Amino acid sequence: MIKKFSAFITVLFSLSGLFCQSLNLVEEASKTGITVYWDTLSGSGILEKNGHQISFKAGDNFILEDYTKLVLTDVPEIKDGAVTVSKAFLDEAEKLFKTENTQNGYKIGAILIDPGHGGKDPGASFTHKVNGKSITVTEKDVNLKVGKMLYSRLKSAYPDKNIQMTRSTDVFLSLSQRTDIANAIKLKDKEAILYISIHVNASLDRKASGYEVWYLSPGYRRNVLDKKAVEDKDLYAVMNSMMEEEYTTESILIAKFIMDGMQAQAGNLSTARGIKAEEWFVVRNSNMPAVLVELGFLTNQKEGLLLSDSSYLQKLSLGIYNGLSAFVTHFERSRGFTGSK
């Protein structure tokens, strides 16, 4: 699909909105049934309706319609914390949403589970003394257990999808090897891949506890689009930027769904620390939406003992699975993002 971008891209000019009144995007969208996904950190968002999608960014004078058509329009702005657009912007969106969706069949083709650490790299480790007994919790072991549980659930629920693990035994893999595995997975037409890295936290503060989900900071710039796919060099920069923003937006959605899923399963056993942005090599070089899940703090005695309990790890794996399942449903209902081939 990506290689066809240059053939489909059409540039349209909208001059009528130069002096138009600014309208609150969320309020206007709710009136017409448009779903809005907005990321405050990256300043980018997605509009969805009738199986179509529009990607946009505050301050940019172009939008990307259904990931094949680049349209110049009025600039979305942030005013008093709200996203504002012109009537011309909304009219352009509605024009797309009213058309019949003839490009269906987009789906998640593969999910790669990456249990962090392994082999000679144990990750974090801590020994707790309980009633005279020593209980050691090692990150690489917890990561692998949850990874296998998640793999089993996904494999059972999605027999038609390519579910893989970077490691299924206690072996060492470098960070670059993990990323290479992800980027080497072959996809069919109209398929996309998700990358889930599983880790456990540790802290000098023994009171620190809770689970969190991380995504790649939008401040990290990378080339996610094959330069051979777009002949025009100037156009490549625009398209690559749009794809980066799309990966960020989709990663945030995955993180939110997983966080909600884990919170529902963990209940009051642990604390939700929220979703956060950071830059790790393990995800920053993967050309796809990716998140990193921190299951909890093994240095906290209560949580460390929970992380050594298989029944609790099943709860966490179920929470992650439910989050991924919710995202897959969202993705395949809305036709997907730019990561499709």
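Modeller: Two strands count as paired if DSSP finds at least two bridges between them. Strands themselves are DSSP runs of E with at least two residues, while helices are runs of H or I with at least four, and both are numbered from the N terminus. With that in hand, look at strand 7 and strand 8 (residues 82-85): three bridges join them, and they run antiparallel. Across that pairing, isoleucine 78 faces valine 83 in strand 8.

Before we go on, a word on what you're looking at. This is a predicted model, in which local features need pLDDT of at least 70 and side-chain atom pairs count only at pLDDT 80 or more, though totals for chains, interfaces and linings use all residues. Residues are numbered from 1 along each chain as its sequence is written, and side-chain values use heavy atoms, with hydrogens and water left out.

Now move to strand 2 (residues 35-39) and strand 3 (residues 44-49), an antiparallel pair held by five bridges. The two make a hairpin with four residues between them, and glycine 43 in the turn has a positive phi of about 70°. Along this pair, you'll find valine 36 opposite leucine 47 in strand 3.

Rings of Phe, Tyr and Trp (for Trp, the six-membered ring) pair if their centres lie within 6.5 Å; planes under 30 degrees apart are stacked, over 60 edge-to-face, and the rest tilted. The structure holds four aromatic pairs. One of them is tryptophan 38 with phenylalanine 56, stacked at 5.8 Å centre to centre with 20° between the planes. Tryptophan 38 lies in strand 2 and phenylalanine 56 in strand 4 (residues 52-57), so this pair ties together parts 18 residues apart in sequence.

How covered are they? Buried means under 20% relative accessible area, exposed means over 50%, and partly exposed is in between (1.4 Å probe, protein chains only). Tryptophan 38, at 29% relative accessibility, counts as partly exposed, whereas phenylalanine 56 is buried at 1%. Phenylalanine 56 also pairs with phenylalanine 89, this time edge-to-face, with 5.9 Å centre to centre and 80° between the planes. That pair links distant parts of the chain, since phenylalanine 56 is in strand 4 and phenylalanine 89 is in helix 3 (residues 87-97), 33 residues apart. Both phenylalanine 56 and phenylalanine 89 are buried.

The largest has 45 residues, and Leu154, Ile258, Leu295, Leu307, Ile320 and Leu324 have the most contacts inside it. Helix 9 gives the most to this core, with nine residues. A second, separate core of 16 residues includes Leu23, Leu25, Leu47 and Ala93. Overall, the protein has nine helices and 16 strands, and 53% of its 341 residues are buried.

How values were computed:
A nonpolar core is a set of buried Ala, Val, Leu, Ile, Met, Phe, Trp, Tyr and Cys residues joined through side-chain atoms within 4.5 Å.
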